[in-house]
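This report walks through selected features of one protein chain, and the reader may wish to keep the sequence and the model in view while going through it.

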Amino acid sequence: CFDEFNRIELEVLSVVAMQVEAICSAKRMALKTFMFPGEVAPIKLVPAVGYFITMNPGYAGRQELPENLKVLFRSVAMMVPNRETIMKVKLASVGYSMMDILGKKFCILYALCEQQLSKQRHYDFGLRNILSVLRTSGTVKRSEPPDADEEMLFMRTARDMNLSKLVADDVPLFLALLKDIFPKVTDPPKKVYKNIEDGSKALIKQYKLVDWDSWMLKVIQLYETSLVRHGFMLVGPTLCGKTEIAHILTTCMTNDGNPHHSVIMNPKAITDSQMYGVKDPISEEWTPGVFASIWQKWNNRAIKKTTWIICDGPVDAIWIENLNTVLDDNKILTLANNDRIPMTDNCKIVFEVQDLRNASPATVSRAGIIYVSASDLGWEPLVGSWLQRRGDINPNRQGGADLLKPLFYKY
């Protein structure tokens with residue numbers, strides 16, 4: 001079975017077509033051995049051989065199959081599964097006794113979200129998102145007392161796992177939908193991570209930043225996402241504090257006795273082959289790429305700290321498609337020289353991007369999204385921290401900072 005078949009380049013696909021055709025004609029003639037293209041000696045034919053391909057047609061980074069290959073395969077159109085049934089079965093398997101009611105409510109909630117929330121490229125209310133919410137709700141259920149209200153637990157999980165990716169304008173609408181679908185549940189309190197909150201606030205004071213509630217919430221949301229996902233994206237416009245969010249959280253976790261370390265690279269500063277590696281067509285020599293080398297070095301269980309590999313730069317359908325197997329449950333980076341490097345538990349992959357305009361739906365659905373709106377920070381904290389640091393440059397500048405502060409607010 002060949003997964004994501006149409007990501008193979010066109011010239012390779014035509015070679016594959018010849019190979020498949022050779023096997024087909026050998027089967028038709030019921031041969032015991034046959035000549036396979038590229039082989040010098042005949043090879044044995046297993047009569048039970050079958051080949052299947054899966055593909056997503058029609059967006060960047062994907063090829064149309066050539067006609068000589070299309071005729072060798074019979075197409076099977078996939079239907080959209082009944083989500084409600086999947087939800088009910090999964091809820092029952094993770095320990096919920098009210099699976100019928102909750103499954104129906106969850107299905108209606110996501111259908112309404114798709115219809116009523118604004119259309120953003122990074123929104124995904126598909127099966128991958130559904131399954132991650134259901135998995136997390138099972139973990140929450142098992143960590144709470146057996147008599148805890150299931151509706152409240154499920155509503156809290158669905159709320160906390162979706163709020164992080166919503167743009168500021170959609171948050172009130174999403175909360176209103178939750179209230180309509182779970183009318184009996186009064187607004188459940190957020191889970192408190194005392195060590196992270198206190199540690200982050202201490203670091204904000206130390207770095208002379210401004211403790212801004214809506215921005216601090218994003219630090220907590222990033223922490224929650226990092227607990228349940230191995231790949232996540234910090235999305236938002238420039239100057240909304242994305243880099244500082246990641247820095248504060250990793251430093252805070254290190255101070256809390258869970259050592260973290262960041263490795264930052266810009267994937268758009270180099271070509272695709274420089275990123276993953278390239279094979280010399282003549283000598284067959286393999287030159288490893290920057291990302292592949294970083295990946296090999298830090299995906300090592302012997303390292304006693306968690307590494308965040310941060311790709312800080314615009315997401316492009318071409319280079320990110322190669323990370324699809326890393327971001328889904330396979331957690332394996334496959335390179336052109338047939339190396340398969342598995343992802344270890346002490347490694348996370350993080351993308352810091354302005355928007356996901358060029359990302360394919362396949363990528364968006366695989367990663368946890370933390371969207372930082374421009375209004376989450378605004379101009380006040382930027383000015384506030386700049387004024388606080390004026391005194392560090394020169395004690396005489398503190399007086400100037402005190403004069404400037406009221407002028408900023410006035411004008």
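## Charges over aromatic rings

A charge is taken to sit over a ring if NZ of Lys or CZ of Arg is within 6 Å of the ring centre and within 35 degrees of the ring normal. In this structure, which is a predicted model, K165 lies over the face of F125, at 4.6 Å from the ring centre. K141 is placed over the face of Y96, at 5.8 Å from the centre of that ring.

The rings of Y96 and F125 belong to one aromatic cluster, which is formed by Y96, F106, Y110, Y123, F125 and F154.

E150 is located in helix 6, which covers residues 150–163. Because its relative accessible area is 6%, and buried means under 20%, E150 counts as buried.

When residues up to four places away in sequence are left aside, E150 touches G95, Y96, S97, M98, L102 and K141; Y96 and K141 are the ring and the lysine already described as lying face to charge. The side chain of E150 also reaches the backbone nitrogen of S97, at 3.0 Å.

## Nonpolar cores

The largest nonpolar core contains 65 residues, and within this core L109, F291 and F351 touch the most other members. For L109, the residues touched, not counting those up to four places away in sequence, are A158, F174, L177, L178 and I181. There is also a second, separate core of 26 residues, among them I204, A246, L249 and I310.

Across the whole structure, a search finds 15 aromatic pairs. One of the pairs joins F232 and W308 in an edge-to-face arrangement, with 5.3 Å from centre to centre and 75° between the planes. This pair links distant parts of the chain, since F232 is in strand 3 (residues 231–235) whereas W308 is in strand 7 (residues 306–312), and the two are 76 residues apart.

Are these two partners buried or exposed? F232 has a relative accessibility of 0% and therefore counts as buried, and W308, with a relative accessible area of 0%, is buried as well.

## An exposed proline in a loop

P281 is found in the loop that runs between strand 5 (277–279) and strand 6 (286–288). At 73% relative accessibility, P281 counts as exposed, because that term applies over 50%. Between P281 and R390, which are 109 residues apart along the chain, the C-alpha atoms are separated by 57 Å.

How values were computed. Residues are numbered from 1 along each chain as its sequence is written. This is a predicted model: local features need pLDDT of at least 70, side-chain atom pairs count only at pLDDT 80 or more; totals for chains, interfaces and linings use all residues. Side-chain values use heavy atoms; hydrogens and water are left out. A nonpolar core is a set of buried Ala, Val, Leu, Ile, Met, Phe, Trp, Tyr and Cys residues joined through side-chain atoms within 4.5 Å. Buried means under 20% relative accessible area, exposed over 50%, partly exposed in between (1.4 Å probe, protein chains only). Contact means heavy atoms within 4.5 Å. Rings of Phe, Tyr and Trp (its six-membered ring) pair if their centres lie within 6.5 Å; planes under 30 degrees apart count as stacked, over 60 as edge-to-face and the rest as tilted. Helices (H or I, at least four residues) and strands (E, at least two) are DSSP runs, numbered from the N terminus. A polar contact is a pair of N or O atoms within 3.5 Å; within protein, one must be able to donate a hydrogen and the other to accept it, and residues adjacent in sequence count only if both atoms are side-chain atoms.
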